[in-house]
Amino acid sequence: MKQPKINTGNLTTRVTVLIAARNEEARIRYTIEDILAQDYPKQLIEIIIVDDHSTDRTSAIISSYANRGVKLLQLNEAQPLNSYKKKAIATAIGMSSGELMIATDADCRMGTQWLSSIVGYYEANQPVMISSPVAFFEEKTLFERMQTLEFSFLIGIGGAFIGNKRASTCNGANLAYRKDVFYEVGGFAGIDELASGDDELLLQKIAERYPGQIGFLNLREAIVYTHAKYTLKEFLQQRRRWASKSTKYKDKKVIAVALFMWLFNMTMLVNIALGFYDSWFFKLVLIQFAIKCLIEAVFLYLICSFFKRAGLLLLLLIVAPLHMLYLAYLGIMSNARKYYWKDRLVK
C-alpha cells in the first residue's frame, strides 16, 4: 500500500477526543490511559466522554480522571430516544473546543502515536474527514479469529472505496472530522431515526458535500484495536445493526456493489440446492466458489499484511462458505429493523 503523506513537523491542531460510553466499566480505564499516554502535545488535547445512562461504575471511573483533564458528560434527556449514541456525540461536539473531532469507543486500545499520526495526516493533506483502520486483537477462540478475518475485509473495503473517491463504509471507533463540517452538513439531522449510523451515514453526508475530500489513513500507528464478539448471538446482533444502515446509503453505486455481492453469494446457495437435482449446478458452484476465494484471498493478503496478520488467511477456506449463509441472513434480517444494542431494543 502507498504510504500516506504525513506532516512530521510541529503539529498545531487542537483536537477533541469523543467517546460515548454505556456500561463499559471493564475496559474504559484502559482506553482513557491510552489516550492520556499520547505523544501529542497535551495542551492541544481535549477529552470528552459522555456516559449514556450506565448502570455500572462507568461514570465513577471516568470521574476519577477529572484531575487529568478528562471531562464527563451525562445524558439526561426528558424523552426516550432511538439514537442515544448520536445524541451523546452531538452533545459532546456542542461543548468541544477542538477544531478536529476524533471519535473512538470506550473499549478500544491505541498506541502512543495514534493522535499524532491522524493530525499529521490532517495537516499535510487537509481532508475534511479521516477514516482510520480498526482491528480486532487478543482473540482466544477460532470464532473470534474468523471474525478478525471478516472484519479486516470490511475495513479494507471501506479504505478501498474511500481511496477511489467513493464513500461507503468506515468505523466509528476511529473516525475524525472537522467540527465546522459536522455542523455544515447538519450533524446527524436526517439520519437520527436509526440507532446506528453515527459513522457511515455521517461519512456519506459529508462525502456528498465534499466529494474527494475524505481520506483513509493506512498507517499502522493510526490503528485502533478492539475485541471480536464472544458469542454468535452478539455477532449477529452487531451485524444486523450494521446492515440496517444500508437502506440510507446515498451513493447508489455503493448500494449496487453490495447488492451484487449479496446476489452472487445467494446464487451459490441456490445452485447448491439445484445440484441435488442436476449435478451440473454443483460444478457451477465450484467455479463460483473458486472465483470468490481467489478474489478474496488476493484482497485479504494485502489487508492482513498491513495488519501483520497474514496467518489469518488460512481461515479463508472456513470463512468463505460460511460467508454465503451469513450474507443471506443479513440480506433478509437487515429489513427487520429492531435489534438489541447495549441492552436496549432499538431500530
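1. Ground rules. This is a predicted model, in which local features need pLDDT of at least 70 and side-chain atom pairs count only at pLDDT 80 or more, while totals for chains, interfaces and linings use all residues. Residues are numbered from 1 along each chain as its sequence is written, and side-chain values use heavy atoms, with hydrogens and water left out.

2. Seven strands make an open sheet of mixed pairing, in the order 3-2-1-4-8-6-9. Its edge strands are strand 3 and strand 9, each of which pairs on one side only. Neighbouring strands are turned by 20° against each other on average, direction ignored; axes here are lines fitted to C-alpha atoms (for helices over the stretch in contact), with angles running from 0 to 180 degrees between N-to-C directions. Helices (H or I, at least four residues) and strands (E, at least two) are DSSP runs numbered from the N terminus, and two strands pair if DSSP finds at least two bridges between them.

3. Strand 2 and its neighbours. Strand 1 (residues 15-21) pairs with strand 2 in the parallel sense over seven bridges, and Val15 has Ile45 as its bridge partner. Strand 3 (residues 70-74) is also parallel to strand 2, over five bridges, with Asp51 opposite Gln74. Two right-handed β-α-β units share strand 2: one runs from strand 1 through helix 1 (residues 28-36) to strand 2, the other from strand 2 through helix 2 (residues 58-63) to strand 3. Right-handed means that, with the strands pointing away from the viewer, the path from the first strand over the helix to the second runs clockwise.

4. Burial. Strand 2 (residues 45-51) is largely enclosed by the rest of the structure, because seven of its seven residues are buried. Ile45, Ile47, Ile49 and Asp51 cover one side, and Glu46, Ile48 and Val50 the other. Buried means under 20% relative accessible area, exposed over 50%, and partly exposed in between (1.4 Å probe, protein chains only). Glu296, in helix 10, is also buried, at 12%.

5. The cavity. Strand 1, helix 3 (84-95) and strand 4 (100-105) each supply at least two lining residues. For the classes, Ala, Val, Leu, Ile, Met, Phe, Trp, Tyr, Cys and Pro count as nonpolar, Asp, Glu, Lys and Arg as charged, and the others, Gly among them, as polar.

6. The second largest pocket. This pocket holds about 550 Å³ of space. Of its 27 lining residues, Tyr121, Gly159, Gly163, Phe216 and Asn218 lie nearest the centre. Helix 5 gives the most, with six residues. By class, the lining has 14 nonpolar, ten polar and three charged residues. On a 1 Å grid over the protein atoms alone, a cavity is a set of points where a 1.4 Å probe fits but cannot get out, and a pocket is an open set with protein on both sides within 12 Å along at least five of seven lines; lining residues have an atom within 4 Å of a point. Grid points are joined across faces, edges and corners, and a volume is the space filled by probe spheres set on the points.
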